[in-house]
Amino acid sequence: MFSAYGKYRRMLAGRLWRQLDRCTKYAWQQRFVRITISAAGDTLILMKIFVTGTEGYIGAVLAPRLLAEGYELIGFDSGYYRAGLLLTNPHYIERQPELIMGDIRKITPDMLEGVDAVVHLAELSNDPLGESNPDVTYDINHKGSVILAQAAKKAGVKRFVYTSSCSVYGVADEDIVDERSAVNPQTAYADCKVKVERDVAELGDESFTVVFLRNATAYGISPRMRFDIVLNNLCGLAWTTGKIAMTSDGSPWRPIVHIEDICNAISACLAAPAEAIDRKVFNVGASDENYRIREIAEIVKDVFPECEVTFGPSGGDNRSYRVSFDRIHSELPGFRCDWTARQGAQQLRQLFERIQMTADDFNAPAYTRLKCLRYLIETGQIDEDYYWAA
Ligand SMILES: NC(=O)c1ccc[n+]([C@@H]2O[C@H](COP(=O)([O-])OP(=O)(O)OC[C@H]3O[C@@H](n4cnc5c(N)ncnc54)[C@H](O)[C@@H]3O)[C@@H](O)[C@H]2O)c1
């Protein structure tokens, strides 16, 4: 016979189960997440996640998304681009996690006590930025990331999700590269990604699941917008100047992926059973979303028909890679890609119209990482090692 309390608990459990999506049910069956129901009847997933880079382009979209999925979140960021907030939409702004300001190079295990998983986004994030100061890039992106992973393992964190990049393929010899292809990094930024994957993979074991997401170049709307990535940049130029003057012939291949689809991949990695992801590398994107840069410019021209596009001679940036995304679609449970470049350009156009974006917004340092860090150095706010001045 069940007591009245037992019956009540079974009723709650039934209600709870019906509220969960497929991924969460799976994660619970694997005993990776703990789930309960609040007094108000809401589902609570009792998994504490430490997300670095929550004040960044991807982090500012990922954090509200994970909070909405029911995770408990701690955000961590050095605040380099804090001044840049293009959107004040309450959907993003009011749903940000508790934030710890700090530098990943100084992380210690005690800061990660009680954390179930780390999602690591905080780095100097793109090739030109990395080239502007390779020493600091290695210090933050390579050493800092390894320090963070070591601290996480020591603190008993169970899962470490690392956001790597398809730029590790650099100049690809093969027609289409996949996760088994040789890497060929061309920049300090890409080389750091290769080194972090190598060193963090060595830390992985049955109690510390590590996974590497090699994201294509991102695009799409974030409250902490970036205009130094190809689709966002071309759309911003089309809107504010009516002209895209490419300095090259636009022949290199570049896969691109919407920021929401990157968040899909991260979310899927948090919910997946360990054996589906352990020490695996996944290219994040869709195989149909490989474009030559000139094709991206042509899509932008379709969406901003009043814009004029011209191309230059061949040469310049020699990075070119066409990437297969078959593995993530077949092996990462729950992952899907919802966006195409054309939809992304349309979404950006709608945003620019809605906020009546000006050239000053588009050119503001906080939306172009290299400009922003140069400004912080020139004004003495950060030192030459990119630590905040006392
Ligand atoms: N955006 C893309 O196109 C793209 C593509 C592939 C991979 N990635 C990777 O995804 C991650 C996030 O990218 P993003 O576009 O959001 O970058 P971002 O530059 O917009 O954000 C990174 C955040 O990390 C913080 N940060 C930098 N150094 C730090 C340090 N030493 N300590 C603490 N915080 C620090 C910055 O203040 C910033 O808020 C990065 O690792 C990046 O390499 C991004």
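Student: Ground rule first: a residue is buried if 20 or more other C-beta atoms, placed from the backbone, lie within 10 Å of its own, exposed if 12 or fewer, and partly exposed in between. With that, how many residues of α3 are buried?

Tutor: 7 of its 10 residues are buried, so α3 is largely enclosed by the rest of the structure. Helices here are DSSP runs of H or I with at least four residues, strands are E runs of at least two, and both are numbered from the N terminus. This is a predicted model, where local features need pLDDT of at least 70, side-chain atom pairs count only at pLDDT 80 or more, and totals for chains, interfaces and linings use all residues. Residues are numbered from 1 along each chain as its sequence is written.

Student: Which residues of α3 are the buried ones?

Tutor: Gly59, Ala60, Val61, Leu62, Ala63, Pro64 and Leu66. Just after α3 comes glycine 70, with a positive phi of about 100°.

Student: And how does α3 sit against α9?

Tutor: The axes of α3 (59–68) and α9 (259–271) come within 10 Å and cross at roughly 50°. Axes are lines fitted to C-alpha atoms over the stretch in contact, with angles from 0 to 180 degrees between N-to-C directions. The two helices are therefore oblique to each other; under 35 degrees would be roughly parallel, over 145 roughly antiparallel, and 65 to 115 roughly perpendicular, with the rest oblique. The crossing is right-handed, that is, the near helix is turned clockwise from the far one by less than a right angle.

Student: Which residues meet there?

Tutor: From α3, Val61, Leu62, Arg65 and Leu66; from α9, Ile259, Glu260, Cys263, Ile266 and Ser267. Contact means C-beta atoms, placed from the backbone, within 7 Å. Those residues divide into 6 nonpolar, 1 polar and 2 charged. For the classes, Ala, Val, Leu, Ile, Met, Phe, Trp, Tyr, Cys and Pro are nonpolar, Asp, Glu, Lys and Arg are charged, and the others, Gly among them, are polar.

Student: OK, what about α8 and α11, at what angle do they pack?

Tutor: About 40°, with the axes of α8 (230–241) and α11 (293–303) 10 Å apart. That pair is therefore oblique too, and α8 passes α11 in a right-handed crossing. On the α8 side you have Val230, Leu231, Leu234, Cys235 and Ala238, which meet Ile293, Ile296, Ala297 and Val300 of α11. By class, the contact is 9 nonpolar, no polar and no charged.

Student: Switching topic: which residues come nearest to the ligand?

Tutor: Gly56, Tyr57, Ala122, Ser125 and Ala218, out of 30 residues around the ligand. The shell takes residues whose C-beta atom, placed from the backbone, lies within 6 Å. By class, it has 11 nonpolar, 12 polar and 7 charged residues.

Student: Where does arginine 279 lie, and what's its phi?

Tutor: Arginine 279 is in the loop between α10 (274–277) and β12 (280–284), and its phi is near 55°, positive in a residue other than glycine. It has 17 C-beta neighbours inside 10 Å, so it counts as partly exposed. Glutamine 356 also has a positive phi, near 50°. That glutamine lies in the loop between α13 (341–355) and α14 (359–363), and with 7 C-beta neighbours it counts as exposed.

Student: And arginine 319, buried or exposed?

Tutor: Buried, because 20 other C-beta atoms lie within 10 Å. Arginine 319 lies in the loop between β14 (308–310) and α12 (326–331). Setting aside neighbours within four places in sequence, arginine 319 contacts Ser167, Gly170, Val171, Gln186 and Pro252. Its C-alpha is 9.9 Å from that of valine 168, 151 residues away in sequence.

Student: What does leucine 112 touch?

Tutor: Phe50, Val118, Ala151, Ala152, Ala155 and Val157, not counting residues up to four places away in sequence. Leucine 112 sits in the loop between β5 (98–101) and β6 (117–120), and it counts as buried because it has 22 C-beta neighbours inside 10 Å.

Student: Last one: how many helices and strands are in the chain?

Tutor: 15 helices and 14 strands. Buried residues make up 44% of the 390 in the chain.

Notes. Two residues are in contact if their C-beta atoms, placed from the backbone, lie within 7 Å.
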